[in-house]
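Please look over the sequence and structure before reading on.

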Amino acid sequence: MKTILEKKEISSVSLMTGAPCTARLEPSSQKGIRFHFNGKSVEASVDNVVSTEHCTVIGNQDVQIMLIEHFMAACAICNIDAIDVYLSHPEMPILDGGSKKWTELLGRADDEQPQSYTLIEPVYYLNGKTHLVVLPSDKLRITYGVNFNHPELNHRWVSYDGTNIDEIIEARTFGYLKELEMLQAAGYAKGVSIENTVGLTEEGYTTELFSDFEPAKHKILDIIGDFYLTGFNPMNLKAEIIVKEAGHAVHVKAAKILKDKIKKEL
């Protein structure tokens, strides 16, 4: 079990609602990642996901917390499995739009050998053009295919192979610039800015990319965060994960299957 050494606090706007939010992170002696708001709490678990529209939302009869996936990915990357998060608003701060600031706040994983996991059997989720497959392997590899109406992101495949974690961490959330006004009218994306979001235009982007095909790499960050809701750290899973044209809804559906197909490596 690994937690942070001391209380930490960070603030920014919230991506969906546009409201300011402060997150206070506190060490925990109890395993689990828990979110607290207004005296109510909910644990990060795939069984507590209540929505995957635009982002991953967990909740219960008392509280719902929006957009947890970037923080969950940072916890996975930093090997944090025990922490309490106290929020001033029921949505995680967007910060830089990826997980870089979260990992800097948490502290990267130490040299201690983490618990490794293997698969009992392969996991498949196939639905039309969407494919998600998790296969046994000697180490973690994630390959993600997107097919957006964009010159650089049409039938584009990107990968995480253990050598490019920094490119995954810093990959920002994204969306079509032409859809922003419509989304904001519907009550979403009110906190979008050029600092936290890559806008997709007809010919390119609204901001310079941190790395090639950054929006596609953000999908890898999303699935790391969503798969950590299984209770098993996907960064320590010896598996080949291959995904084509999926999103949070598919990630969560696959995670519900996956959580019963993972075992600790002896």
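Does Lys-259 count as buried, partly exposed or exposed, and at what relative accessibility? Lys-259 counts as partly exposed, at 23% relative accessibility. The values here come from a predicted model.

## The sheet

Five strands make up an open sheet with mixed pairing. Their order across the sheet is β10-β11-β16-β12-β13. The edges are β10 (123–127) and β13 (156–160), each of which pairs on one side only. From one strand to the next, the twist averages 10 degrees.

Within this sheet, β12 (residues 141–146) is antiparallel to β13, and five bridges join the two.

The model has 13 salt bridges. One of them joins the side chains of Glu-167 and Lys-217, with an N to O distance of 2.7 Å. Because Glu-167 lies in helix α3 (residues 165–169) and Lys-217 in helix α5, this pair ties together parts that are 50 residues apart in sequence.

Lys-217 is buried, with a relative accessible area of 7%, whereas Glu-167 counts as partly exposed at 29%.

## Other salt bridges

Glu-26 and Arg-24 also meet through their side chains, at 2.7 Å from N to O. Glu-26 has a relative accessible area of 14%, so it is buried, the cut-off being under 20%. Arg-24, at 30% relative accessibility, counts as partly exposed. This pair belongs to a network of salt bridges that links Lys-7, Arg-24 and Glu-26.

Lys-259, the residue of the opening question, forms a salt bridge with Asp-260, and their side chains meet at 3.7 Å from N to O. Asp-260 has 53% relative accessibility and therefore counts as exposed, since exposed means over 50%. Lys-259, at 23%, counts as partly exposed.

Key:
Residues are numbered from 1 along each chain as its sequence is written. This is a predicted model: local features need pLDDT of at least 70, side-chain atom pairs count only at pLDDT 80 or more; totals for chains, interfaces and linings use all residues. Side-chain values use heavy atoms; hydrogens and water are left out. Two strands pair if DSSP finds at least two bridges between them. Helices (H or I, at least four residues) and strands (E, at least two) are DSSP runs, numbered from the N terminus. Axes are lines fitted to C-alpha atoms, for helices over the stretch in contact, and angles run from 0 to 180 degrees between N-to-C directions. A salt bridge is a side-chain nitrogen of Lys or Arg within 4 Å of a carboxyl oxygen of Asp or Glu. Buried means under 20% relative accessible area, exposed over 50%, partly exposed in between (1.4 Å probe, protein chains only).
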